[in-house]
Amino acid sequence: MSALNWSEAFSLLMDVRVMMYLFIGVIIGVVIGALPGLSATMGIALITPITFWLDKTYGFAMMMGLWNAAIFAGGITAILINTPGTPASITQAFDGYPLYKQGKGGLALGINTIFSFMGGMVSILMLILFAKPIANFTKQFGSAEYVMVALFGLSMMIAVSGGDILKGLLLGALGLLLSTVGTDEATSNLRFTFGVLNLAAGIDFIPVMIGLFGTAEVFYQIYTHNREQEAAEHEQRKENLAIGKMLPDFKEFCKLSPRCLIVSLVATIVGAIPAAGGDISAIICWGNSKKLSKEGDKYGKGSVEGLAVSSAANNGVIGGAMCTMLTLGLPGDSVTAILLGSLTMYGLQPGASMFKAENATFTCEIMILMVMANIAFLIIGLLTSKVTAKVLNIAQPTVWAAVSMLCIIGSFCINNRFSDVIIMLVMGVLGFFFKVYGFPTGPLVLGLLLGPTMEKNMRRILSSKQGDWSVFLSRPISCVILILVVASFVAPVVVNAIKKKKAASAGQESN
């Protein structure tokens, strides 16, 4: 794409109507992202029919605004009510909510806004500079590579298990079992549905997530409710939020930025892999950052660094996902799958033709719109963070009622099925007991999320190779990822051994 394409695209976008549609998209994205269960995918699916009546530039202005803003806004409810607004915000709840409980809600929301912006901008820059090289790399991925990517994600069970790895692995196994419910793709037979037809399509990830992180939290707070303590915490939280800073200081920003830049680059690569989304990116980046950080023991307990990493990771996939869609015509995630259909409806053929002279200007427009959407949500996020943080500084019963309603509505709206609400409530009850008895819920969600990808590709590659497991070693990319998987298990053991050795040495010196 030449400089002429960029300048022409920029001049076409300097239109009041384009700005209006972009702003509308951002506002809708913030609302959808902040509501539990209403994902960016759902938002794009809802407005896509509307955009067909618009010029493609106006339509994509709305969609780019909604997509980029919704991923960022998912962190708002993850921080304030411990319920990820979108699946990509799952790890933001690990550190964001503890920060809010510590009276640092304004700072947590500011961190979410700034580093979501950083992740998105780095990812889009990589899209602009390296679209074709990244797409060509992911083109080499086959079933063996997808199995290894899923296994690498599953290895993060250790990182999200807190201090009890055995309990984490048990719930991870439960998540893998739940992922097998539904119709077997290979044989078309129903598995573990027990005659319930609504389970034929499997157990949807979002109701499970809402139940474990939203409803369970409500039940647990009711169970541990103490009116006198609530009154004291209410006043303390009100005081903290009133004086709490919204932005990290310059020194803290400089400390967090290098790690988040690296995370953004990794997230871009993850996003470029078809079917890998912000949730997988956030889990991989958060888990490995915890292992490699000097402050890893603080992750999951209110770590500013952990929240910044999560924020950069979930928005960082956007450029990579768009790269795969634009250059190869393959959806990088569920959102780009819908965008793929949108381009087709506009008479465009995703793939190499998008970079030819006749379509190059519009391709430039899409990328510039993504940049503009990030700038828009940065401004809106910073202007409204303090107000947003104070909204939930109200009596706990009111919060419980509001969260419960959002959980029910969000679960039902996914497929317009009451069975999803039942699944959400069942998971809410299970999640409550998990919290009471100290079982980490992250591994369960991880197993449910990655199980289908691993099973489908494992069966595909082994059937084509007649059960020969050496295929995972014979393919270079698959072999490299396998080494990373092994390293992810070995590294914590080595690090703990080194720490114990240093502690023993320090103890001997002190004696």
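This report walks through a helix crossing and a surface patch in a predicted model.

## H4 meets H5

Let's start with a pair of helices. H4 covers residues 56–80 and H5 covers residues 92–101, and their axes come within 7 Å of each other. The crossing angle is roughly 50°. Angles from 65 to 115 degrees would count as roughly perpendicular and those under 35 as roughly parallel, so H4 and H5 are oblique to each other. As for handedness, the crossing of H4 and H5 is right-handed.

## Inside H5

How many of the ten residues of H5 are buried? Nine of them are, so H5 is largely enclosed by the rest of the structure. The cut-off here is under 20% relative accessible area.

Follow the chain just past the end of H5 and you reach Gly103, which has a positive phi of about 85°.

## A nonpolar patch on the surface

Now to the outside. Phe219, Ile222, Val429, Phe433 and Tyr437 make up a nonpolar surface patch, and together they have about 480 Å² of accessible area. Two helices each supply at least two residues of this patch: H9 (205–223) and H17 (418–436).

Where does Tyr437 sit? Tyr437 is in the loop between H17 and H18, the latter running over 442–464. Tyr437 has a relative accessible area of 56%, and since exposed means over 50%, Tyr437 counts as exposed.

Technical notes:
Residues are numbered from 1 along each chain as its sequence is written. This is a predicted model: local features need pLDDT of at least 70, side-chain atom pairs count only at pLDDT 80 or more; totals for chains, interfaces and linings use all residues. Side-chain values use heavy atoms; hydrogens and water are left out. Patches are made of residues with over 30% relative accessible area and no salt bridge: like charges are joined within 9 Å, nonpolar side chains (Val, Leu, Ile, Met, Phe, Trp, Tyr) within 5 Å. Accessible areas come from the Shrake-Rupley method with a 1.4 Å probe; for residues, only the protein chains shown count as cover. A salt bridge is a side-chain nitrogen of Lys or Arg within 4 Å of a carboxyl oxygen of Asp or Glu. Helices (H or I, at least four residues) and strands (E, at least two) are DSSP runs, numbered from the N terminus. Buried means under 20% relative accessible area, exposed over 50%, partly exposed in between (1.4 Å probe, protein chains only). Axes are lines fitted to C-alpha atoms, for helices over the stretch in contact, and angles run from 0 to 180 degrees between N-to-C directions. Angles under 35 degrees count as roughly parallel, over 145 as roughly antiparallel, 65 to 115 as roughly perpendicular and the rest as oblique. A crossing is left-handed if the near helix is turned anticlockwise from the far one by less than a right angle, and right-handed if clockwise.
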